[in-house]
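Dear colleague,

Please find below the structure that I am handing over to you. My notes on it follow directly after.

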Amino acid sequence: MILAAILFIPVCAGIVAWLSERASAKLPRWVSLAALAVDLPLVVALWRAHPNQGSGGDGWIAEFQAPWLPLFGSSFHLGADGISLLMVGLTAFLGCMASASSWTEITKRTGFFHLCLCWTLAGVLGVFLALDLFLFYFAWEFMLVPMYFLIALWGHEDRFRAAVKFVIFTQLSGLALLASILGLYFVHSRATGVSTFSYIALLRTPMAPSAGLLLSLGFLAAFLVKLPAVPFHTWLPDAHTQAPTAGSVILAGLMLKTGAYGLFRFSIPLFPGAAVLARPLAILGVVGILYGALLAFAQKDVKRLVAYTSVSHMGFVLLGLFAGNQLAFQGALIQILSHGMSTGALFILAGALQERLHTRDLSRMGGLWAVVPRLGGASMFFALASLGLPGMGTFVGEFMVVLGAYRASVPLAVIASLGFVLSTVYSLSLMEQAFFGENRRGWKVPDLSIREMGVVALMIIPLLWLGLAPQAVIEKGKRAFSTASVQTAGGRGAPEAGRVTPEGGLR
Amino acid sequence: MPPLLPLLPLMVIAAGPVLIMIGLAVTRSHRLTFSITLAAILGALGSLGVLLPLVPTQVGLLFLFDGFVLFYSGLVLASGLVVAVLSYDYLKGREGAPEEFYLLLLGALLGALVLIASRHFVSFFLGLEILSISLYPLIAYLRDRPSPIEAAVKYLITAGASSAFLLFGMAIIYGLTGTMEFPEIGRRMGGLVQGQLLMPVGMVLLIIGIGFKLGVVPFHLWTPDVYEGAPAPVAAFVATVSKGAVFALLLRYFTEVSLRDRPALLAVFTIVAVASMCVGNLLALFQNNIKRLLAYSSIAHFGYLLVAFMSAGALRVFAVTYYLAAYFVATLGAFGVVTILSSREGDADEIGDYEGLFERRPWLAGVFTLMLLSLAGLPLTAGFLAKAFVVASGVGSTLWLPVLTLVGASGVALFYYLRVVAALFREPGAPAKRVAGVFGGPVFSLRGKIVMGVLFVLLIWWGVYPAGLMALISLIGIGR
């Protein structure tokens, strides 16, 4: 029941926010912020009540089931384990930040803006909570429409093109996902006679490895586009750059995570037969790390630069998920959370810069440290977090991923660790171009306001927590790994990988 | 003499034009004519309820009333109701006498009902001709303008040609099997000598005739011109009632004459479906005229429907019916918005006419957005679930080529639907003169608002929690 509440509070808040615009243009902000701020303690309460549960194997922390499409074998089934709870918490938290950071940026159609914001978040929450594959697909597609409006209506100069590109990429890969989900549904119903979309039932679907391989391709298409993995990333720089600040925060901080979550929750445990794909996917991850970092360095547009760093950071996640051992997996989990914080914050700061300077062009900036010291300091913190300074979450995550990858494949780990060097280069180059040097243009703009300082300060806390005391998250990751079966990339170093699917099911 | 009670809906609808003609002899009143029309359609809808305990029942050789017929009749009648209401406001502001319009509308509805209930070539052909002949004058109703006349002539010629194909096909099949009843044809076809060349020829001719009516590739050439030229409510009628009734008939015919045993026929349908999805969506990309865009999109939608049509198993009828219901609602809604925005000067059919609509008429823009999203198959709308069911039926019958085409084509389709949606939200330029409600012009009535509101609610309801509709559709079955 509490899960349904977590999901429906933003849905209702969106409608209330939309209607409240008639009373006052400022009211919708408060409504959406309040709704998300209510969600957060609910998640924390659930987390504290069940400190020891990691993943579905230990049973779910909370479940909610209601009939939805009974004839089709689909029900409104929500469930949370430790990992999905972490993701839900991240969603509520970044949602608050996104809402608070659009306080002054959005002045037109505030009601509709906050409707879209809340519904995008509701879609993301649905993805993290769904235990029914059809419901999952519904939520997966549902995120798209309000996000399209966020980009297309409140975005920057080239917003329509970016929004359409985003929708077409995700929808096309989403339909491939649908075809695969339905394929799995029919394989299951032919084998067992039961037509159901229930995740728990489908986990035990007996199927030929070749069929599993084919079906897993549809899942991979959707998740790799969202993640994004390198050949499928071209929508990302456009969408992230053109979106308003709140849209960029949600895109980078949450939507990319739905791809990672999908890989972990669905692709890997549903298709043990597709383990042969683990190595190529790990290689894709490494390519993403280097490619994203190199392109980030070449960008002149602040938001575009940050967008490409996402490609690089998510490469670590992909590598961690498919390296096939517990260490790398735990690293990927921490990386997901800390990337959400650091990149979300960088987008907020980039948005704050654009709001003041009306440009995102790095070559027109310079010497801003003296003008906006608080903004500069905050940017420095998150740039350092992004380059993987010890003490922050990103360091722990990326280090553990590379350590784990080393056990799977030495060359991959060595190449991936080059990413550390490159991330230092682009992060410092960003700082150098924007904040140091000479203020040639004579910028004179106000510094961060108290509200913005508050947002930034709130985002520093979890990043430090992940960097200094990541044990709680690592613990969750350990349990999740041991129950949800991660296949090996190299075949080495994964004796601890238990399989959910019974051995008989593999034949 | 068979019991005639099951024919009640047909009789009620047929009584409408008679009453209207009597009324017109006394006095010309738009309002009275409209009221009779509404009464006839509502009466027919009500009489479907009377039939409910009687199904399945056969009337003579010609008609069969089962759950399938009742559902489709209800769908067609409800759409007729929507079109009638939209037409009332549309005709009120225009030149010429509006009364005969309803006469023709009821005639077309009668044709559609006959088509849906037929189980015999004779009733099939009769229904089709009643429908088509009523549609020619409906399309050309605003006869002082050039484009409706052009559209009607185009429709007349293609419909005439397709009827010829159809008749020839029927003749061949009758000649070979000696019967015109669908179930009997299905039974006797199995007994025909292998290698019999005439049978496939007859079948293909039949499919060509039906293909023309559905506007699927390669028989689609009339669709954009007719949609563009016809008055907006008539275009809505052609897109929904006319095509939907023919599709219902196609489904019945190829259930009695099993499709799965005939790989050659399946191949023909595969080619038609794939071509419709690709051509419809690709050509829609280049349209700047909303009515033409909707025409090309309807070509693609019938391609999607054919995917479900070709599948086998329990999901087949279900997926087709759900998809048609969702398509009906979204198409009526989209054309409804076009109707409401059209002024005396002409229909509001350029994309430019819609720029900044969200600023001027937020509710209308919201409804239009939702209808387009449903046609595009995005969530919260009936179109999303409908497309999921179609993909399900295709995957369930391992029709990989059509399903993959559907996936690709839907991606392309997003581009042009979102292009229109983006226009709605763009900063308004100088609005065109012909857009109603900008410089005075007719403002739409409460009736129109209610109809659009109902369509809006249905679209969301069927897209979010459709358990009721699903239960209803799963009850119907061909012959049950």
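In chain A, helix 7 (residues 159-192) and helix 10 (residues 235-242) have axes that come within 9 Å and cross at roughly 135°. The axes are lines fitted to C-alpha atoms over the stretch in contact, with angles from 0 to 180 degrees between N-to-C directions. Helices here are DSSP runs (H or I, at least four residues), numbered from the N terminus.

From helix 7 of chain A, A:R159, A:A162, A:K165, A:F166 and A:F169 meet A:W235, A:D238, A:A239 and A:Q242 of helix 10 of chain A (contact: C-beta atoms, placed from the backbone, within 7 Å).

This is a predicted model: local features need pLDDT of at least 70, side-chain atom pairs count only at pLDDT 80 or more, and totals for chains, interfaces and linings use all residues. Residues are numbered from 1 along each chain as its sequence is written, and chains are lettered from A and ligands numbered from 1 in the order in which they are written.

Between the chains, 23 residues of chain B are in contact with 25 residues of chain A. On the chain B side, helix 17 of chain B gives the largest share, nine residues.

Lastly, 17 of the 19 residues of helix 4 of chain B are buried, so this helix is largely enclosed by the rest of the structure (buried: 20 or more other C-beta atoms within 10 Å of a residue's own).

With kind regards

Note on methods: Helix = DSSP H or I, 4+ residues; strand = E, 2+ residues; numbered from the N terminus. Contact = placed C-beta atoms within 7 Å. Buried ≥ 20, exposed ≤ 12 C-beta atoms within 10 Å, placed from the backbone.
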